[in-house]
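Dear colleague,

My notes on it follow.

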Amino acid sequence: MTFIDKLRNRWHAANSLLCVGLDPDPAKFPDRFVDDEDALFAFCRDIADATAEYACAFKPQIAYFAAHNHGEAALQRLIAHINGAHPEVPVILDAKRGDIGSTAEQYAAEAFERFGADAVTLNPYMGRDSAAPFLQYNDHGCVFLCHTSNPGARDFQELPVPDGSGGSEPLYQRIARTIADDWNGDGNCALVVGATFPEELKVIRDIIGDMPLLIPGVGAQGGDVEAVVRNGRTADGTGLMINSSRGILYASRGEGYAEAAADAARELRDAINRHR
Ligand SMILES: O=C(O)c1cc(=O)[nH]c(=O)n1[C@@H]1O[C@H](COP(=O)(O)O)[C@@H](O)[C@H]1O
């Protein structure tokens, strides 16, 4: 099954547009993991198992694993665990890759073959040939940065570029248009738009039709759930993977950390659904 089909099935089966972000930071782990050498894997496994029923996707962030010795092995085991225990929930590897074609081939093999992810986040900055090795895996998802959630998103992403008919448009709109009209020939593309830019989200939805959007920035970064759902949903009330990482992972440091994460995930899923 393709990434997009798996995602669509999950939106409906779980009645959820919530993406659970797996960004493990040992400094914030519950006390019981203090002397646990396998804490990265064990903590994320517990969170994934507790939140799977509320999730339309999981999004492990590679830096939180690769920063530690043996961390990538923990990530590999975590994705294998999710694929085995929760095969209906797609995994988006958040790696924001982008490089010349020959190197991009290696990054694509890393994401899809080594780690077994259903989709990967990508930086479109280096252009079509840098995306081609990922797009060729046409049953996998390519999730391109379009308008990011951070304040510095304005530095480049909003700069005007010629629109081809004598006017101009912001770069993020050109990215959205180019990917929707050109790169998405196999229907395996999605875009990242920060929850902190709801007006831009509305413009992007109008450009791209029903292409899925990954929306980080609710919770810890302050994005507004209602504005995101109102401006980003498709006509059938789907189309979104609204991510929360810290707001779910670190709901409690106590023994009930997994239950607290499940409660936080369920509450956010329900808050999203109230506005669909
Ligand atoms: O690609 C992403 O996931 C991403 C893009 C973006 O524009 N902003 C953004 O915060 N992210 C990621 O989304 C997650 C947000 O985490 P929280 O702010 O803790 O919910 C982190 O893993 C970020 O790396």
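Strand β4 (residues 119–122) pairs with β5 in the parallel sense over 4 bridges; two strands pair if DSSP finds at least two bridges between them. Strands (E, at least two residues) and helices (H or I, at least four) are DSSP runs, numbered from the N terminus. Within this pairing, T121 is placed opposite V143 in β5. From β4 the chain passes through helix α6 (residues 128–135) to β5 in a right-handed β-α-β crossover, that is, with the strands pointing away from the viewer, the path from the first strand over the helix to the second runs clockwise.

This is a predicted model: local features need pLDDT of at least 70, side-chain atom pairs count only at pLDDT 80 or more, and totals for chains, interfaces and linings use all residues. Residues are numbered from 1 along each chain as its sequence is written.

β5 also pairs with strand β8 (residues 189–193), in the parallel sense over 5 bridges, and L145 stands opposite V192 in β8. Because 7 of the 7 residues of β5 (residues 141–147) are buried (20 or more other C-beta atoms within 10 Å of their own, C-beta atoms being placed from the backbone), the strand is largely enclosed by the rest of the structure.

The unreviewed UniProt entry places an "active site" feature at K96; such annotations may be inferred rather than shown by experiment, and positions follow the numbering used here, with feature names shortened.

Key: A residue is buried if 20 or more other C-beta atoms lie within 10 Å of its own, exposed if 12 or fewer, and partly exposed in between; C-beta atoms are placed from the backbone.
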